[in-house]
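Work through the exercises below with the model open beside you. Try each task before you read its solution.

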Amino acid sequence: MTGGTSGIGASIVQRFRSDGAAVVFTGRDDARGAEVESRTGASFVRADVRAPDDVRTSVGAAVERLGGLDALVANAGVLHESPLSETTDEAWDAVLATNLIGPYLYAVACLPVLRASGGGSITMTSSDAGVWGETAIGAYSVSKRAVNMLVQTLAVEAGPSGIRVNAVNPGDTAPGMATHVEGRSELGDASGWTLPPLGRVGTGEDVASAVAFFASPDGAFCNGSILLLDGGMRASLRAGAVANPAAAEGA
Amino acid sequence: MTGRLGLEGRVALVTGGTSGIGKACVARLRDEGMTVAFTGRSSERGRAVADATGASFVQCDHRDRDASDRAVERALELGNGRLDVLVANAGILFQGPVEGTPEAVFRELLEVNLTALFRVSRACFEPMRDQGGGSMVHIASDAGIRAVHEIAAYSVTKAGVIAASELFGAEGAPHGIRSNAVCPGDIVPGVQATPTGHDDHAEDPAGWVLPPSGRFGTGEDVAALVAWLGSDESVHMTGATLRIDGGTGAAMRVLTRA
């Protein structure tokens with residue numbers, strides 16, 4: 001499980017532990033790692049997904065501590081708020097390195113291990129912006145569209161080995177992503193967000209539930225699924241107006 | 001056919017114009033009376049296309065970011081500061097599943113197919129905005145809409161191209177900048193550019209299944225769509241993703257009756 005020290009990732013670690021799984025999770029910050037470790041009983045390995053050596057080392061550490069792997073959750077991601085025309089090379093490279101190359105590296109490193117277990121599950125945390133992009137987060141949207149395609153190519157390639165590969169595509173989730181290209185910035189109050197038809201933003205637990213499903217025997221026939229978890233926001237063109245009558249009137 | 005689309009005297013940059021679809025685009029846009037600059041890695045192939053079409057060749061390997069920036073500057077010089085149409089076509093192909101794609105190759109496909117396309121589009125954005133508009137045409141692939149797992153890294157990068165094209169379309173629309181993604185299906189000859197260089201048989205049509213239309217596409221088929229997207233005839237088209245594949249992507253299985 002990559003990127004397990006905050007946000008959705010920490011919820012996924014908690015959920016897998018509650019379901020009785022032994023979990024190794026990665027992150028870049030020892031203090032946050034130790035906190036999640038002590039709260040959940042999962043085991044922390046410090047690793048930066050942008051560093052190929054860290055990827056291989058952390059997979060090796062996970063295999064050693066757990067005795068093998070049944071599931072990989074490639075969750076670590078980074079956000080950058082900028083339209084494409086104003087996105088710098090540095091930000092673009094950082095977003096692609098974390099959100100696309102990282103999951104590719106983790107998948108390649110874990111496939112032989114999963115095969116040795118006789119099969120397993122890979123779930124990647126993508127985004128609703130990968131399904132339908134947002135100009136305010138251009139590079140992020142592009143990276144998530146590409147990672148959805150990575151999931152689908154892997155699903156076909158790994159399926160014959162009994163390895164299922166799926167994506168969860170969360171919409172607005174609170175607490176939101178704190179990991180930005182420029183560093184961490186905790187998101188403030190979600191009360192101003194445009195709500196989806198369900199009338200609330202998502203939670204880390206909502207996403208963790210879907211990831212646990214994909215990894216479990218209940219998800220045994222899911223392969224190559226790109227699952228939207230957005231309360232219905234991308235189900236129609238003007239879904240955002242339904243739970244936000246004031247916004248719909250255009251003020 | 002010159003003049004139908006009203007492109008005479010306008011300026012275009014085609015990346016990757018020395019073979020395949022790009023080469024057909026250079027020829028077509030020249031036929032439409034445009035001033036055309038095009039890039040490519042090989043000076044020999046570049047000169048041949050320049051001689052045949054009267055377009056201006058700019059030697060450029062889009063893995064080199066500085067060279068890529070200079071190519072856009074060169075096209076702007078050629079147009080005296082104007083650039084009406086960008087055809088972002090340069091791309092390379094690697095045959096292999098995800099696990100069979102070495103890290104260096106994965107990064108290289110990402111750099112050429114997606115990052116260079118983003119960077120060239122970004123470089124054209126401001127000049128196009130300042131001149132009151134322009135048209136970006138991004139050559140993606142049907143493999144960017146629906147995975148082709150045998151060319152996994154290519155599929156992944158082309159999915160990114162479609163997303164980038166849509167977003168440039170949404171972002172550019174208030175400024176008159178249009179951006180559309182063209183997704184060719186099986187085209188003969190196929191992609192000839194690979195990480196290691198030019199290979200006439202990088203994509204081997206031997207195993208391909210004919211589209212429902214009964215023939216594979218040609219570079220000219222794609223160039224016709226590109227020229228139309230570059231012209232004012234398509235003025236209300238932006239952020240669109242267009243398959244051009246003889247119907248391959250229209251249904252998973254096609255009922256055939258003798």
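Helices (H or I, at least four residues) and strands (E, at least two) are DSSP runs, numbered from the N terminus, and the expected span of a helix is 1.5 Å times one less than its number of residues. This is a predicted model, in which local features need pLDDT of at least 70, side-chain atom pairs count only at pLDDT 80 or more, and totals for chains, interfaces and linings use all residues. Residues are numbered from 1 along each chain as its sequence is written, while chains are lettered from A and ligands numbered from 1 in the order in which they are written.

**Exercise 1. Work out what span helix α1 of chain B should have, and describe its surroundings.**

Step 1: helix α1 of chain B covers residues 20–31, and at 1.5 Å a residue its 12 residues should span 16 Å. The C-alpha atoms at its ends lie 17 Å apart, which agrees.

Step 2: a residue is called buried if 20 or more other C-beta atoms lie within 10 Å of its own, exposed if 12 or fewer, and partly exposed in between, with C-beta atoms placed from the backbone. By this test 11 of the 12 residues of α1(B) are buried, so the helix is largely enclosed by the rest of the structure. Among the buried residues are Ile21(B), Cys25(B), Val26(B) and Leu29(B), and also Lys23(B) and Arg28(B).

Step 3: just after α1(B), the chain reaches Gly33(B), which takes a positive phi of about 90°.

**Exercise 2. Decide whether the radius of gyration of chain B agrees or disagrees with that of a compact globule.**

Step 1: the radius of gyration is taken over C-alpha atoms, and the globule rule is 2.2 Å times the number of residues to the power 0.38.

Step 2: for 258 residues the rule gives a value near 18 Å, and chain B has 17 Å, which agrees. Along its principal axes, the C-alpha trace of chain B spans about 55 × 40 × 35 Å.

Step 3: chain B is built from 6 helices and 9 strands, and 56% of its 258 residues count as buried.

Step 4: pLDDT is the predictor's confidence in each residue, from 0 to 100; chain B has a mean of 95, and 98% of its residues reach 70 or more.

**Exercise 3. Describe which parts of chain B touch chain A.**

Step 1: two residues are in contact if their C-beta atoms, placed from the backbone, lie within 7 Å. The contact takes 27 residues from chain B and 27 residues from chain A.

Step 2: on the chain B side, α4 (103–130) and α5 (152–172) each supply at least two residues, and the largest share, 14 residues, comes from α5(B).

Step 3: Ala, Val, Leu, Ile, Met, Phe, Trp, Tyr, Cys and Pro count as nonpolar, Asp, Glu, Lys and Arg as charged, and the others, Gly among them, as polar. The residues on this side of chain B then divide into 16 nonpolar, 5 polar and 6 charged.

**Exercise 4. Locate Thr87(A) and state whether it is buried or exposed.**

Step 1: Thr87(A) sits in the loop between β3 (71–74) and α4 of chain A.

Step 2: with 23 other C-beta atoms within 10 Å, Thr87(A) is buried.

Step 3: leaving aside neighbours within four places in sequence, Thr87(A) is in contact with Ser82(A), Trp92(A), Gly138(A) and Ala139(A). Thr87(A) and Ile137(A) are 50 residues apart in sequence, and their C-alpha atoms are 9.3 Å apart in space.
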